Amino acid sequence: RTSLHRDISTMKILLRYRRDYHNDKLVPSYCESVRHALLNMGYDVFPIGEGHEYQLQGSPFPVILDQLDPAYFDLLLELDNGRNKKGELGFGEYKENSLPKAVWFIDSHGQPDLHQSLARKYQHIFFAVWARRDLFAGHHSAHWTPNATDPIWFPKAVCEPSHLFGFFGSKGGLERAKPLQDIAARRGWSCDVRQINGPHKTKWPYTAEAMGNCRVLFNHGQKHDGPNLRVLESMAVGRPLITDVDPQSGMDKLFVDGEHYLGYEAYTHVGLESAMSEALKRTDLAEAMAQRAYDLVMSKHLVKHRVEQMIEVFNA
């Protein structure tokens, strides 16, 4: 592969992603974190997509590029950030042209066929789900780029927690915490399980505040998506994490059971109650584990680190 630009430090990037607004205010997202990381690295970044001035709605890609002077840009980077309010995923309709294109796929465990079919449109593929690396096996430039977080929205908790355990996610996914709730109810342990606002509404910094209000955080992946965002966010707020051990996920590529989190069997929940009890009884060990996880996330698993990885690929 050749570099995208003679001088990578002057690269000009079209960054395509959807912006949501709630009560006329921009909803924070990891896409915005990617934009800020690129800007902080000194690149010229022009955001486009739904919710931006240039939306690419109802127009073929080359027409929009004509409006933006395609000769000015070196790369189009598209970010996967879920469905809009109409339920549309909204990836770009791109015709062949000379502008290199890249994408960061996040939800390949949920949209495997779509992501595999879209992959041929991009010169560079970045994918977050280790378990679905098979989808891009034939692509000449496919790179595992795991989920990451942003300490601006998930700072280390400093408050005294009111709850012993917590799990926060979408309304449809809260059932994953039922084993946790059942054990907590039987043992008389307080447990906070809920959705922080609804889809397309502002969740940050409220999610981190709720996480920090729990002594121990819980996670259970779906469709082998680990390490999912909840893992990174829990570690970023500095609370001990109990999460499922799924050998098909990429969790063990980044973190170590017992060193960075307490694990239980993914499909049987064997070991969950003992992990919960240990986290409460051996507070010093749980806090030391959480500190190791926090340090690792801050040093290697922030959005800015993923952007640095992408830049290395573009400049290879």
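Guide: Contact here means heavy atoms within 4.5 Å. The model is predicted, so local features need pLDDT of at least 70, side-chain atom pairs count only at pLDDT 80 or more, and totals for chains, interfaces and linings use all residues. Residues are numbered from 1 along each chain as its sequence is written, and side-chain values use heavy atoms, with hydrogens and water left out.

Visitor: Leaving aside neighbours within four places in sequence, which residues is M235 in contact with?

Guide: The partners of M235 are L241, M251, F255, H260, Y261, A293, Y294 and V297.

Visitor: How do I read a nonpolar core, and which members of the largest one touch the most others?

Guide: Such a core is a set of buried Ala, Val, Leu, Ile, Met, Phe, Trp, Tyr and Cys residues joined through side-chain atoms within 4.5 Å. Buried means under 20% relative accessible area, exposed over 50%, and partly exposed in between (1.4 Å probe, protein chains only). The largest core has 59 residues, and L38, M235 and F255 touch the most other members. Helix α10 (residues 303-314) gives the largest share of this core, six residues. A separate second core has 21 residues, including F165, W189, A279 and L280.

Visitor: Which residues of helix α8 are buried, and what covers them?

Guide: Helices (H or I, at least four residues) and strands (E, at least two) are DSSP runs, numbered from the N terminus. In α8 (residues 272-281), the buried residues are L272, A275, M276, S277, A279 and L280. Their cover includes β9 (163-168), α4 (178-187) and α9 (283-300).

Visitor: Why does Y72 count as partly exposed?

Guide: Because its relative accessibility is 41%. Y72 lies in the loop between α2 (61-68) and β5 (75-79).
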